[in-house]
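These are my notebook entries on one structure, written while I looked things up piece by piece. I begin with a question about how elements lie against each other.

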Amino acid sequence: MTASHEIETRLRETAERLLGEKKVDLFLGHEKASLPLRTTPLFLTVAADAARLAWNPFCSPNLAVYLPRLFRAPADAREAKTAPPRPTVGVVLKGCDARSVVALIQEHQLPRDKLVLVGIACPGMVDARKAERVLGLHEALGAGEDAHGNIRAVVEDGTEVTLRREQVLADVCLECRAPTPSICDIVLGAAVEPREAHVARRQAEELESRPADARWAHFQQMMSKCIRCNACRQACPMCYCKDCLLDQTRPRWVGAGTDFSDVAIYHLARAFHMAGRCTACGACARACPMGLDVRLLVRKLNLEVEDLYGYRPGEAVDATPPLSAFAMDDPQEFLTEP
Amino acid sequence: MSQTQIVPEAAAPRTWEPKVVAFLCNWCSYAGADLAGVSRIQYPPNIRIIRVPCSGRINPVFLLRALQSGADAVLVSGCHPGDCHYISGNLAARRKFTLFRDLLKYVGIEPERVQFTWVSASEGGRFASVVEKVVEQARKLGPNTKLVKRA
Amino acid sequence: MTEKRIPQTDLDRLLARLRQRAAVYAPAEDGTGEVVLAALSGKESVTLEYRNFRLSPKALVLPQNQTLLCFKDGQAEEPRLPEGETILFGVRPCDARALLALDQVFLNGNPHDPYYARLRSGATVITLACARPMSSCFCTSVGGGPGDGTGADVLAVALAEDLLLRAETSKGEALLASLADLLSDATPAAVKEAQEQVRAAEDPMTPVKVDGSAERLRQAYDSPLWEAASRKCLGCGTCSFLCPTCHCFDITDEVRGGAGRRVRTWDCCAYPLFTLHASGHNPRPTPKERWRQRIMHKFRYAVENFDRLFCVGCGRCIRHCPASLDLRTVLKEVGA
Amino acid sequence: MARNPYLPYPARLEETIVENDAKDIKTFRLAFDDPAGAAEFQYLPGQFAELSLPGMGEAPFGIASSPTETGRLLFSVKRTGLFTAELHSIEPGARIGVRGPMGKPFPWDRVAGKDLLIIGGGFAFTTLRSAIVYILDPANRSRFGSVLAVYGARTPGELMYRADLAAWQKRDDIGVHLTVDKPDQNWTQHVGVVTAVLETLTPSARNTLAIVCGPPIMIKFTLLTLSKLGFSDDAIILSLEMRMKCGIGKCGRCNIGSKFVCTDGPVFTREELKTLPVEY
């Protein structure tokens, strides 16, 4: 594992060069946020600002979410004529972010030739909420990484608390099967070993082993905290539809409030739309202000997709997503026969 | 489908009869249902038919919406593989429905509440027996309580 | 006004007593390790060890879903208004202060909102002063403070052993009078201890300059900073839904066969549909206009209309923003 | 106790009148179920109301009738979205709720004693019809000076209220100029945009207020012409449209800066609008 600060230095040099040599018009990375344990997305256009770029255990935002909108053609034909030419964009990608970019290219949302992909082999990112839970009533006023990759947090009275990295990594990182980005133009840092890929399967099997009513109770208990703020959808790089079915009013498919049937349909529909498309970046769970692990359903669907159609999202730009394809002999045992 | 055309409220349990919303593709299954009627084949009257151009047109949200609006089960029927009027709409639908059924099962909704089948324009008898089976299973399951929205 | 005191060991007795007259909401652990403002049934163990709740208490006066009308055979009828009284114990000063902003919208001016009015008039607020604000807190910059009693009927301060109680309104006075047998007069030393605690809490808070924000934001309306700040915005509703003063709502009908209801639900100005006309025209077409609207509403329009900031400095929008956007940064940039 | 502001007055659809050749604009004549409701619903031209259909929600529309037309409550609606499509499909006798009146009317106190220039375009003539009928009422006419109206549409078939227009053109206490972009063979009146007509008529700005309602592009050019004619910003009155829900200044979506279109508008002078952000 290459030390974060080394990568950070090389990242800054890379961005400075790309912007300075006009290889990119815009460079997307992470920057120190106003609160510790977090970073905030940075849109760089000037080489001199490259020193603002950060690479540390808090770079969890998936920057792929910002890319499709940079390349979206204006809906109005007249506007399209006067629209500026499409920019060339450099972007920092972790393993999961790179999978999102692959999937977006597959779905024709991104032009590969307008992207300079700077991949960083990712040792996993800290879940700020997990860290805050560990700190309890204390608040981190500053946070960093020690030589072993553990997290040092400075709390109110100046005391330094060390949090074991594994203890505060995001759940999604603990099951990352491809932490090293695949399709990048530039890769920083030595490759990182894949994680425990079977966690998702074990958890799904555990839930499946329970009776139907217990499964429903679990789903209900978890999702009844949902406040329908749409953060999970908005944070998802694969949710780029201009008009979401769940927002439509002619007709309205899902009620606007927090009646549980509406909440359930919202999450079922969202998960279903992600089946075979979700690149397991965890942006949805990270965005949820209620701290719900909204990955629950789509993780299961992705396992099904893998088992039935042998497909894993975000691995190859030339693969056809399974729900855009079919085979004459696809399984159909579930059909109702008279 | 306009918002006002929604299945009426569930009746009292004593007189409860399952309500099944069937989404039938225009080219095969709807014609199959028509044939069942023309041939005077008896089947349970618990079914409400919505005609769609192709089983591939159905977004699973339609099925969720039907269940939320008080349907006790939904049935989707399209052309047999190879017979789709649009070549492959039913094959794309087959993948969707495979996953959708698994999803519902995973959260604890009885998979028998959403059923899928193929019925051709010449299979009036098959249509009637599928409906009979779906209604029978819905009756066994009892009223849909999990997804239905209470006023 | 005299301060009263009750030993913290008697807190359960106090709450049990309050439960005899009203539905009581108080800080309690929710089973996942998080302290929430929970409806007490008597089984919960109430705690005073928390910074602030994830959700503001606004839902108790402005529920996320509220029936405005019932329909029967296509006829609209008024729904029955909720009955009974509520006591909100342990609300933080910022959130109590926010209630006054909501009052301004729903009660002051004509016509007033009967649904809000009913819940609000039935609510008694017992604020608990903050001993340890967080780094995202900036209440002192927007007129409040960790010991601010604005919006409270009773202000409580948790001392080492006692809970100090001071009535802030006549409603609060009546409440304390009804509990007289549980309370005793606070000593001057206790009052002093409370004052020192509040001062100590204020100290570490970094000030954000908001005075004159209305005028400065007026001048900054066309500033390029809106474009820059909103680029990160994902357009989710986290900030609005967690905000104790955000109150914009949607109205939708849920009707089956002529029967059903008209419901109001929380809405958010970050959503493109919020202002989309039926014709397809949208007066706030991009995140830039929408993000600007949110800041302008809180720090300029509300000041122009009500002479009040619609921000109480609770910091929820900062802490929970998935893109870590910080409105303090923007306020700093406009010099507001 | 004050009436619940979210509760509509129950009414019924009495009659539907198709206004244009495209048949996508209809005028709906409503009658309140309860005479008390009718008595409480006191409005002036320029105000609007929310129409309500159970299950379809509500939408705001300018009131097209004049309070002087006792017993006639008119709304002219173009079929655009979900609600308006449903409204266009209901039959006389159907129930409909009316919530209002809402917003500020045209500034009738200021208009008194002045000459009036009324400029309308396309389907935005509804509250202007209300205003003209109000002014021409024998009880009101003497309060105002001369009245000149210019109304333009794309084709003759798109002009609304054709019977009213014909009747007004026969009167000598109002000048009514109609213009179309694309005339048909029977058209004998002006051809061209309203600004062209204004430039030939050159109405005086002296002691005159102008009320302008129309599509954004018409407004834009009309304002330029009016300035050229010497109309001050304070003498130009406009009416805005905005997505609305509550109509009573609470739901927070129809604001332009610190003003709410539902309660501070929909009628604004150009001078007032110049102080507001261009978010409309």
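Which strands of chain A does helix 1 lie across, and at about what angle does this helix run to strand 1? Before answering I note that the model is a predicted one. I looked up helix 1 of chain A, residues 4–20, and found that it lies across strand 1, strand 2, strand 3, strand 4 (115–120) and strand 8 of chain A. Its direction makes an angle of about 150° with strand 1 of chain A.

**Entry: the sheet in chain A**

I then looked up how these strands are arranged, and found 5 strands of chain A in an open sheet with the order 2-1-3-4-8 and mixed pairing. Strand 2 (39–44) and strand 8 (186–188) of chain A are the edge strands, since each of them pairs on one side only. Direction ignored, neighbouring strands of this sheet are turned by 25° against each other on average. I reminded myself that strands of a sheet pair through backbone hydrogen bonds, either parallel or antiparallel.

For one pair I looked up the details: strand 1 (residues 26–32) and strand 3 (residues 89–93) of chain A run parallel and are joined by 3 bridges. In this pair, A:Leu26 stands opposite A:Val89, which belongs to strand 3 of chain A.

**Entry: chain A as a whole**

Stepping back, I counted 13 helices and 8 strands in the secondary structure of chain A. The radius of gyration of chain A is 21 Å, which agrees with the value near 20 Å that a compact globule of 338 residues would have. The C-alpha trace of chain A spans about 70 × 55 × 40 Å along its principal axes. Of the 338 residues of chain A, 47% count as buried. Among the contacts in chain A with a separation of 6 or more, 69% are between residues 24 or more positions apart.

**Entry: where chain A touches chain B**

Which helix of chain A gives the most to the side that touches chain B? The contact takes 36 residues from chain A and 40 residues from chain B. Helix 9 (212–223), helix 11 (260–274) and helix 13 (296–309) of chain A each supply at least two residues of the side that touches chain B, and helix 11 of chain A gives the most, with 7 residues. The residues on this side of chain A divide into 25 nonpolar, 3 polar and 8 charged.

**Entry: a hairpin in chain C**

Is strand 11 of chain C largely enclosed or largely open? I found that 7 of the 8 residues of strand 11 (residues 249–256) of chain C are buried, so this strand is largely enclosed by the rest of the structure. Strand 11 of chain C runs antiparallel to strand 12 (residues 259–266) of chain C, and 8 bridges join the two. C:Val255 stands opposite C:Gly260, which lies in strand 12 of chain C. The hairpin of these two strands has 2 residues between the strands, and in it C:Gly257 takes a positive phi near 50°.

**Entry: chain D**

Last, I looked up chain D, which has 8 helices and 15 strands. The C-alpha atoms of chain D fill a box of roughly 50 × 45 × 35 Å along the principal axes. Buried residues make up 48% of the 280 residues in chain D. Of the contacts in chain D with a separation of 6 or more, 70% come from residues 24 or more positions apart.

Note on methods. Residues numbered from 1 in each chain as written. Chains lettered and ligands numbered in written order. Predicted model: local features only at pLDDT ≥ 70, side-chain atom pairs only at ≥ 80, totals over all residues. Helix = DSSP H or I, 4+ residues; strand = E, 2+ residues; numbered from the N terminus. Rg over C-alpha atoms; globule rule 2.2 N^0.38 Å. Buried ≥ 20, exposed ≤ 12 C-beta atoms within 10 Å, placed from the backbone. Contact = placed C-beta atoms within 7 Å. Nonpolar A, V, L, I, M, F, W, Y, C, P; charged D, E, K, R; others polar. Pairing = 2+ DSSP bridges. Axes fitted to C-alpha atoms, helices over the stretch in contact; angles between N-to-C directions.
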